[in-house]
Amino acid sequence: MPAPRTETAVAFTVREKFSWTLASLKRLYAFAGAPFTLYIVDGYYPAPVQAELDAFLAGRENVVRITAERYLYPSEALNAVVERISEPYLFLVQNDVLIGRDTLKSLLETAKEVGCDVVAPLVLDTDNGAPAVHRDVDKPLIFCEDGGRIYVTRGGEPERRRGRRRAYFFEMHCLFMRTDAARAVCPLPPLSVHEHFDLGIALWRMGKEAFLDHRARVLYMDTPPLPLRDFEVPYFRFRWDPARARQSDQYVRSKWRIADLFDGMSFIARQFTALRPEAILTRYDSALEADTWPEEIPGA
């Protein structure tokens with residue numbers, strides 16, 4: 001039976017922290033606040049994770065499964081969803097993201113009220129043990145071009161519309177887009193670093209507008225220290241392969257001529273510290289993490 005018609009397609013795509021996958025899905029169903037059709041990309045989940053996902057999704061009519069025949073980079077998984085959907089809006093949720101209450105409802109309202117192409121939620125991480133704003137997602141950064149080079153700069157206060165601030169720079173852990181905007185930039189290249197710069201600049205160059213919704217808060221759970229569980233190691237090695245990272249870094253630098261792009265290889269070196277044998281968990285009570293976060297995600 002085909003999934004019932006809704007306004008929003010949720011692209012639930014694989015990243016590398018598989019043990020948060022079930023908690024991420026449970027929060028999506030509990031706290032979205034608006035109807036959706038779930039497009040879940042099978043990222044070769046390990047057997048114990050796949051079994052729990054199958055049990056949770058059994059009998060749900062709003063699910064479309066997309067099977068991959070190999071490991072996919074996150075952007076490849078998103079491409080696979082964009083090819084399939086007919087809904088006018090797309091909500092990207094990677095499998096290590098926990099959404100706050102009414103996140104989808106708020107993002108959908110913002111897209112309609114502001115009349116924009118992309119809405120970025122406020123992404124928080126747990127780098128310091130408690131939720132805090134993830135990197136630069138809440139800073140008023142803009143793109144500008146000078147002498148044939150693109151700069152990411154704090155060039156004054158960005159435009160505001162209906163109380164929301166224009167966003168040029170945003171992460172891809174969780175993102176809301178009009179489907180036509182997603183199709184305009186897809187297929188996305190299979191990058192392992194700088195993919196958010198590639199997407200943000202592509203949308204900017206096309207004249208697509210993005211705004212930040214502070215009411216929509218999400219927690220990104222895959223920040224150091226991880227630690228990895230043994231069944232997550234094969235995909236992690238694929239995801240952060242140094243050769244692919246070097247190609248990705250060079251591709252984005254060459255494509256957009258970004259003047260101040262950070263060194264992607266230093267980031268990869270940090271990621272690989274998770275692969276030290278003594279850092280990998282081989283004993284654990286469950287293949288999945290318990291969802292212990294409060295219903296209301298606190299502010300930064």
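Colleague: Which residues does Leu78 touch, not counting residues up to four places away in sequence?

Modeller: This is a predicted model, in which local features need pLDDT of at least 70 and side-chain atom pairs count only at pLDDT 80 or more, while totals for chains, interfaces and linings use all residues. Residues are numbered from 1 along each chain as its sequence is written, and side-chain values use heavy atoms, with hydrogens and water left out. A contact requires heavy atoms within 4.5 Å. With residues up to four places away in sequence set aside, Leu78 touches Ala11, Thr13, Leu90, Leu92, Met172, Met177 and Leu188.

Colleague: Is Leu78 buried or exposed?

Modeller: Leu78 belongs to helix H3, residues 74–82; helices (H or I, at least four residues) and strands (E, at least two) are DSSP runs, numbered from the N terminus. The scale is relative accessible area: under 20% is buried, over 50% is exposed, and in between is partly exposed (1.4 Å probe, protein chains only). Because its relative accessibility is 2%, Leu78 counts as buried.

Colleague: What separates the C-alpha atoms of Leu78 and Arg149?

Modeller: Along the chain, Leu78 and Arg149 are 71 residues apart.

Colleague: Where does Ser19 lie, and which residues does Ser19 touch, not counting residues up to four places away in sequence?

Modeller: Ser19 is in the loop between strand S1 (8–13) and helix H1 (21–31). With a relative accessible area of 0%, Ser19 is buried. Leaving out residues up to four places away in sequence, its partners are Arg229, Glu232, Ala287, Leu288 and Glu289.

Colleague: Are H1 and H2 roughly parallel or roughly antiparallel?

Modeller: Axes are lines fitted to C-alpha atoms, for helices over the stretch in contact, and angles run from 0 to 180 degrees between N-to-C directions. The axes of H1 and helix H2 (residues 47–57) come within 9 Å and cross at roughly 15°. Angles under 35 degrees count as roughly parallel, over 145 as roughly antiparallel, 65 to 115 as roughly perpendicular and the rest as oblique. The relation of H1 to H2 is therefore roughly parallel.

Colleague: How do the residues of the contact of H1 with H2 divide, and how many are nonpolar, polar and charged?

Modeller: On the H1 side are Thr21, Leu22, Leu25, Lys26 and Tyr29, which meet Val49, Glu52, Leu53, Phe56 and Leu57 of H2. Ala, Val, Leu, Ile, Met, Phe, Trp, Tyr, Cys and Pro count as nonpolar, Asp, Glu, Lys and Arg as charged, and the others, Gly among them, as polar. The contact of H1 with H2 divides into seven nonpolar, one polar and two charged.

Colleague: Is the crossing of H6 and H8 left-handed or right-handed?

Modeller: The axes of H6 and H8 come within 11 Å and cross at roughly 20°, so H6 and H8 are roughly parallel to each other. A crossing is left-handed if the near helix is turned anticlockwise from the far one by less than a right angle, and right-handed if clockwise. For H6 and H8, the crossing is left-handed.

Colleague: Which residues of H8 and H9 make the contact between these two helices?

Modeller: Helix H8 (residues 242–256) and helix H9 (residues 264–271) pack at an angle of about 155°, with their axes 9 Å apart. H8 is therefore roughly antiparallel to H9. The contact joins Pro242, Ala245, Arg246, Asp249 and Arg253 of H8 to Gly264, Met265 and Ile268 of H9.

Colleague: What is phi of Arg257?

Modeller: Arg257 is in the loop between H8 and H9. This residue is partly exposed, at a relative accessible area of 42%. Its phi is positive, in a residue other than glycine, and lies near 50°.

Colleague: What is omega for the peptide bond from Cys186 to Pro187?

Modeller: Pro187 is in the loop between helix H5 (179–185) and helix H6 (195–205). The bond from Cys186 to Pro187 is cis, with omega near 5°.

Colleague: How many disulfides does the structure hold, and how far away from Cys174 is the nearest cysteine sulfur?

Modeller: A disulfide is a pair of cysteine sulfur atoms within 2.5 Å, and the structure holds zero disulfides. For Cys174, the nearest cysteine sulfur is that of Cys116, at a distance of 15 Å.
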